Number of protein chains: 2
Amino acid sequence: MADYDRAAVDRIIAAVAAEGRTTLTAPEGRLVCQAYGIPTPAEGLAATAEEAVALAEDIGLPVVLKIVSPDVLHKTEAGGVLVGLGTAAEVAAGFETIVANARAYKADAEIVGVQVQKLLTGGQEVIVGAVTDPTFGKIVAFGLGGVLVEVLKDVTFRLAPTTLEEASSMVDGIAAAEVLRGVRGAPPADREALADVIRRVGDLVTDFPQLSEVDLNPILATPDGATAVDVRIIVDPEPAPEPVRFSQEQILAAMNRIMKPAAVAVIGASAEPGKIGNSVMRNLVDGGYRGEIYPINPKSDEILDRKAYRSISDVPGDVDVAVFAIPAKFVPAALEEVGAKGVAGAILIPSGFGETGNHELQAEVVAIARKHGVRILGPNIYGYYYTPENLSATFCTPYDVKGGVALSSQSGGIGMAILGFSRSANIGVSSIVGVGNKADLDEDDLLTFFEQDENTSLIAMHLEDLKDGRAFAETAKRVSAKKPVVVLKAGRTDQGAKAAGSHTGALAGNDKVYDDILRQSGVIRAPGLNDMLEYARGVPLLPTPQGENVVIITGAGGSGVLLSDACVDNGLSLMEIPPDLDAAFREFIPPFGAAGNPVDITGGEPPSTYRNTIALGLSDERVHALVLGYWHTIVTPPMVFAELVVDVVREFRDKGVHKPVVASLSGDVEVEEASEHLYRHGIVAYPYTTEKPVAVLGAKYRWARSAGLL
Amino acid sequence: MADYDRAAVDRIIAAVAAEGRTTLTAPEGRLVCQAYGIPTPAEGLAATAEEAVALAEDIGLPVVLKIVSPDVLHKTEAGGVLVGLGTAAEVAAGFETIVANARAYKADAEIVGVQVQKLLTGGQEVIVGAVTDPTFGKIVAFGLGGVLVEVLKDVTFRLAPTTLEEASSMVDGIAAAEVLRGVRGAPPADREALADVIRRVGDLVTDFPQLSEVDLNPILATPDGATAVDVRIIVDPEPAPEPVRFSQEQILAAMNRIMKPAAVAVIGASAEPGKIGNSVMRNLVDGGYRGEIYPINPKSDEILDRKAYRSISDVPGDVDVAVFAIPAKFVPAALEEVGAKGVAGAILIPSGFGETGNHELQAEVVAIARKHGVRILGPNIYGYYYTPENLSATFCTPYDVKGGVALSSQSGGIGMAILGFSRSANIGVSSIVGVGNKADLDEDDLLTFFEQDENTSLIAMHLEDLKDGRAFAETAKRVSAKKPVVVLKAGRTDQGAKAAGSHTGALAGNDKVYDDILRQSGVIRAPGLNDMLEYARGVPLLPTPQGENVVIITGAGGSGVLLSDACVDNGLSLMEIPPDLDAAFREFIPPFGAAGNPVDITGGEPPSTYRNTIALGLSDERVHALVLGYWHTIVTPPMVFAELVVDVVREFRDKGVHKPVVASLSGDVEVEEASEHLYRHGIVAYPYTTEKPVAVLGAKYRWARSAGLL
């Protein structure tokens with residue numbers, strides 16, 4: 001921005017550093033704001049009572065007086081603030097009082113002077129701030145002042161810097177946003193001015209990483225502006241350096257060799273059943289991997305009918321991936337050889353690194369990998385799958401249902417749940433990856449690969465922490481514009497976060513920060529494990545909706561009410577049915593049925609009523625998605641319903657009409673088979689629940705909105 | 001309460017009625033408050049400016065002036081309020097201004113005078129109110145003033161009257177409750193005084209049903225009291241009468257004959273398959289009902305090998321229940337005969353009554369039933385089941401898994417989902433009841449029966465509205481102290497409520513009112529259909545916990561984090577493990593495992609580690625419930641885990657130790673069978689989800705707390 005005076009800020013920071021301070025004085029803070037175009041009240045610094053009176057009369061009474069002293073941080077406590085002085089006499093007396101108070105508070109306090117500030121009244125108090133988050137780096141915060149932010153934690157965060165649009169979304173994004181639009185006859189605040197301040201604060205901390213904390217509290221928001229009344233800025237002279245990042249090209253070069261290797265070596269391959277090195281070999285072979293497989297074991301000549309090598313150095317051809325199935329203590333030496341061989345990826349299955357407190361060994365291994373340009377997956381993982389290559393580089397069982405879902409997990413237990421659920425629900429999977437301690441390869445590396453992987457259409461990730469939250473957020477924002485990214489962030493709650501800490505040693509971030517920034521990144525956040533798995537299963541099957549108009553068609557009025565509840569819970573818009581469409585629906589339903597939305601066709605209807613109303617919903621261009629509620633009756637048994645829905649949906653797909661259709665089936669146990677039949681044909685259907693089908697549709701909508709497709 | 005001056009309120013209401021007014025003036029409102037011991041600011045009514053000055057000097061300056069006129073309801077708008085008049089001159093001038101403003105607002109306004117009120121400053125503004133809710137009758141409300149109640153709807157409700165304890169729970173029950181305890185160094189408000197005002201308001205509207213709305217807004221809450229600054233009271237001279245209620249004895253007398261009939265007649269029994277009258281006959285016979293079954297059909301001599309009668313009047317013996325399987329229009333005449341026969345319950349399966357707009361027919365049927373002392377179930381239902389009597393009085397299929405869960409639904413579709421899920425999950429059921437239009441028998445009648453039914457241990461109800469919310473709440477409070485009552489209230493959201501309206505013609509209440517009053521009644525509210533069914537299935541299997549200390553024992557650290565999240569989401573307390581217990585757990589787990597809570601035994605452990613740690617949790621008296629996280633490994637396969645858990649839990653049960661144990665299983669598909677094995681043995685276990693087992697435990701805890709068992 002052309003109007004930023006960076007040199008001025010540089011000078012202030014230098015002065016603060018020169019004095020060994022970490023906190024800016026109020027006048028310094030004000031100068032920083034001015035340098036970045038953030039409005040502050042008219043004010044001046046007085047060295048004497050006479051100067052204070054002159055300043056006050058110049059600025060205009062009434063005024064506020066505040067002590068300025070590097071030795072008095074908590075001004076109010078020290079009696080260093082006087083508000084609402086309305087006459088020259090009051091200002092003169094106030095000056096003396098404040099200075100005396102400061103001396104009483106700390107006898108040898110260095111007193112720079114007294115700040116004389118115009119007293120602003122009216123308007124709404126808000127807070128704009130910036131902090132340095134251990135996961136995400138510089139982030140900006142916005143909230144209303146007072147109890148709303150303190151007691152109700154009604155505050156929102158974004159990565160800094162923000163665009164003006166993102167800053168506006170913060171102003172509109174707090175629970176009490178309505179207050180700024182004017183309630184109880186109060187005039188609306190100047191929300192554009194607030195967004196502008198947020199953007200400027202984000203730019204400021206981005207330009208000056210040394211500013212570890214900026215607090216504009218309060219800002220007074222009035223109908224015609226926003227003024228930072230109090231400014232508090234903390235400096236960290238040696239801010240943490242940016243994490244090392246690889247370029248997109250570097251990541252892809254490595255990931256392509258890792259996910260689509262021409263040759264895989266198994267370090268510690270074994271012929272002995274029950275050993276991890278045996279399970280990995282078996283899974284590679286039994287999984288049908290067609291590349292070269294090189295067992296490495298100094299004590300064997302042959303393993304599973306394959307020639308074994310004493311060392312990877314002895315392998316004749318190139319090797320892309322080395323899967324480690326040896327104890328942690330042997331990893332460094334083996335990794336040196338792997339590196340010398342020019343391997344792209346070291347898959348470190350063994351545990352006994354950072355997760356057990358052995359951070360040194362983990363650092364040593366990373367250093368060896370960096371030296372040789374090897375990327376590490378793990379350590380402390382179950383391995384990984386990439387089904388297009390029939391690659392099961394894991395000690396678990398092979399997975400063979402190919403499809404478009406890529407999954408990753410930070411924890412082995414969750415990885416096994418992903419595997420079991422996928423097998424049970426017959427989910428088509430492109431890849432399952434354990435990332436474990438994430439000593440090197442991280443979720444953003446995986447995202448970068450899956451982004452361009454033609455075999456992947458949705459990415460679902462379980463994570464407990466992010467090593468580089470900013471890189472993840474930026475990558476996820478890019479990727480989620482193309483493919484849905486579902487994230488299950490564990491350690492959401494304070495107690496949960498504590499458990500994350502005890503398990504991985506990772507500092508789990510404040511959940512509200514994660515929540516806001518994941519949303520900013522276009523990620524679909526799953527509230528729980530089962531939700532993540534159901535989203536992964538269902539979202540890719542649904543066509544992308546072309547608009548927000550959802551229509552419920554139900555044979556059970558009771559399901560209609562619950563489906564409506566679920567739509568609202570999931571942020572879906574029940575279409576206001578226009579009169580002509582309402583009349584068209586009424587043509588098909590009994591006179592005591594209810595049109596409107598839900599369209600209640602009533603319980604005793606034959607298959608044709610379901611068919612006709614669903615066909616109408618699919619054919620009318622104003623309708624963008626259908627939620628079906630089925631009620632088991634003798635007239636329309638479950639499989640009859642399922643087959644007619646599959647038929648009519650296919651009929652319209654053949655005509656080029658692609659709308660998401662989900663269904664909730666109420667009935668006796670036959671509805672289970674009917675739901676499976678529907679699911680197999682791309683209609684996301686569940687028995688005995690009105691919540692799940694709508695939640696999956698809601699996830700699809702959240703993605704479509706954030707990807708700008710609606 | 002001895003200190004209520006009811007006569008004073010009577011006089012005021014009479015005066016208001018005499019003038020044909022529906023709103024009390026401010027001085028009248030103040031007198032009502034005084035009569036019920038609710039503090040109001042010192043004040044007086046001035047007819048002239050001189051009187052106003054005298055009053056102000058007597059009360060103490062500064063004061064507030066407010067116009068008093070039955071013709072000026074919105075005083076502020078009319079310029080009828082002046083705040084903070086600090087001198088006698090200001091008061092005199094203010095009096096004239098206010099009167100002039102009122103005249104300008106409405107030239108012929110009757111001006112009673114000007115209220116001179118002490119200006120109260122400081123303290124926190126709160127609102128206490130009472131309204132007449134169409135579902136629940138008199139309810140009291142409490143919230144903070146300003147944006148918190150207006151924008152964030154941070155308000156809580158209870159049935160009036162409240163105890164002082166319930167009133168206190170309101171003061172502590174709003175989201176911003178912390179504000180009243182003092183934040184930012186502000187002194188705490190006198191919460192006892194606030195609770196006292198709530199109780200008095202509840203008593204007031206209970207004693208005087210004509211007071212349809214009372215608004216004390218604001219009340220100023222200070223450290224030493226609570227003063228109602230503004231009082232607004234609206235009178236309804238003809239309040240709705242209390243609904244007709246049967247005594248507990250009357251309900252039980254009828255319900256016992258209905259649920260355990262010695263003889264059932266089927267009105268409209270048919271030999272023709274596909275007819276409802278045939279399905280009902282078949283289900284009674286095939287279901288194994290051992291009482292008398294009388295088919296009633298004027299055109300048949302025999303149906304399903306039973307002698308058929310032309311009319312119920314022809315049946316030789318007594319009849320307890322008549323199931324109607326005839327079209328709506330024939331019901332009144334048949335019901336006359338049924339009533340003359342002395343039948344206890346008429347089960348009205350047919351639709352075509354209130355739900356299709358035919359309210360007259362429904363009213364006619366109810367009148368006939370009342371005349372004869374017959375209770376009606378329905379109309380517009382699938383019928384009902386009572387398994388201890390092998391009674392399947394329904395056109396659906398028989399249900400034969402006997403057990404302790406009683407279920408009801410307002411909608412047939414939801415009833416079918418209940419049936420299917422129960423069959424699929426093998427839930428032991430005592431009863432399933434369709435209540436449909438609830439023309440007569442309602443949920444509180446069912447509750448009263450199930451309360452004393454030795455075959456029922458948990459009651460789960462789907463409902464869209466309550467015909468008599470107060471009777472339900474009072475009955476549920478009594479019953480839930482003995483047995484868990486789970487409620488799925490459909491139409492939770494505004495859009496959902498609208499759908500409820502269009503379907504049943506019922507006015508769905510504001511959800512926050514429902515939510516608070518259901519909680520006040522000790523009900524476990526299920527957020528969705530699937531949750532209700534899972535609570536019904538799992539809660540009765542779990543022993544009641546003896547305290548709040550929950551311990552997570554997990555083989556997968558990742559599951560531990562998610563299980564911790566779920567515990568916090570469900571209001572469970574993760575036990576702070578005392579050092580000696582921590583040391584005892586560490587004895588059994590690897591050195592790199594994490595004790596604390598979750599107890600992370602790590603993934604590669606043998607069955608003995610699970611067994612030892614679980615046994616420790618069961619044996620230590622300070623631990624009250626266990627949440628298990630299983631990770632599928634070769635060392636401890638799923639069924640080995642399931643069997644050892646069943647063994648160790650049984651071992652402790654045999655020793656008299658009954659603690660709830662739930663489990664989340666992560667692994668390949670074998671965990672499904674293992675989960676079923678655990679469930680069959682009373683350990684609530686699920687595969688692929690960390691949320692569900694904890695949600696069921698949370699439901700058990702919510703019940704145990706509200707029943708006063710913790």
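Q: In this predicted model, what rotation superposes chain B on chain A?
A: Chain B is brought onto chain A with an RMSD of 0.1 Å, and the shift along the rotation axis is 0.0 Å. That is the relation of a two-fold axis, and the rotation is 180 degrees.

Q: Which strands are the edge strands of the open sheet in chain A?
A: Four strands of chain A form this open sheet with antiparallel pairing, in the order β1-β4-β2-β3. An edge strand here pairs on one side only, and in chain A this holds for β1 (43-46) and β3 (81-85).

Q: Which residue of β3(A) stands opposite A:Lys66?
A: Strand β2 of chain A, residues 63-68, pairs with β3(A) in the antiparallel sense over three bridges. Opposite A:Lys66 stands A:Val81.

Q: What angle does the direction of helix α2 of chain A make with that of β2(A)?
A: Helix α2 (residues 26-35) of chain A packs on the sheet, where it touches β1, β2 and β4 (113-118) of chain A. Its direction makes with that of β2(A) an angle of about 115 degrees.

Q: Which residues touch the most other members of the largest nonpolar core?
A: In soluble globular proteins, nonpolar side chains tend to be buried together. The largest nonpolar core holds 470 residues. Leaving out residues up to four places away in sequence, A:Ala322 touches several residues, including A:Ile267, A:Val338 and A:Ile347. The residues that touch the most other members of this core are A:Ala322, A:Val323, A:Phe324, B:Ala322, B:Val323 and B:Phe324.

Definitions and conventions
Residues are numbered from 1 along each chain as its sequence is written. Chains are lettered from A and ligands numbered from 1 in the order in which they are written. This is a predicted model: local features need pLDDT of at least 70, side-chain atom pairs count only at pLDDT 80 or more; totals for chains, interfaces and linings use all residues. Copies are superposed by least squares on the C-alpha atoms of residues with pLDDT of at least 70 in both. Two strands pair if DSSP finds at least two bridges between them. Helices (H or I, at least four residues) and strands (E, at least two) are DSSP runs, numbered from the N terminus. Two residues are in contact if their C-beta atoms, placed from the backbone, lie within 7 Å. Axes are lines fitted to C-alpha atoms, for helices over the stretch in contact, and angles run from 0 to 180 degrees between N-to-C directions. A nonpolar core is a set of buried Ala, Val, Leu, Ile, Met, Phe, Trp, Tyr and Cys residues joined through C-beta atoms within 7 Å. A residue is buried if 20 or more other C-beta atoms lie within 10 Å of its own, exposed if 12 or fewer, and partly exposed in between; C-beta atoms are placed from the backbone.
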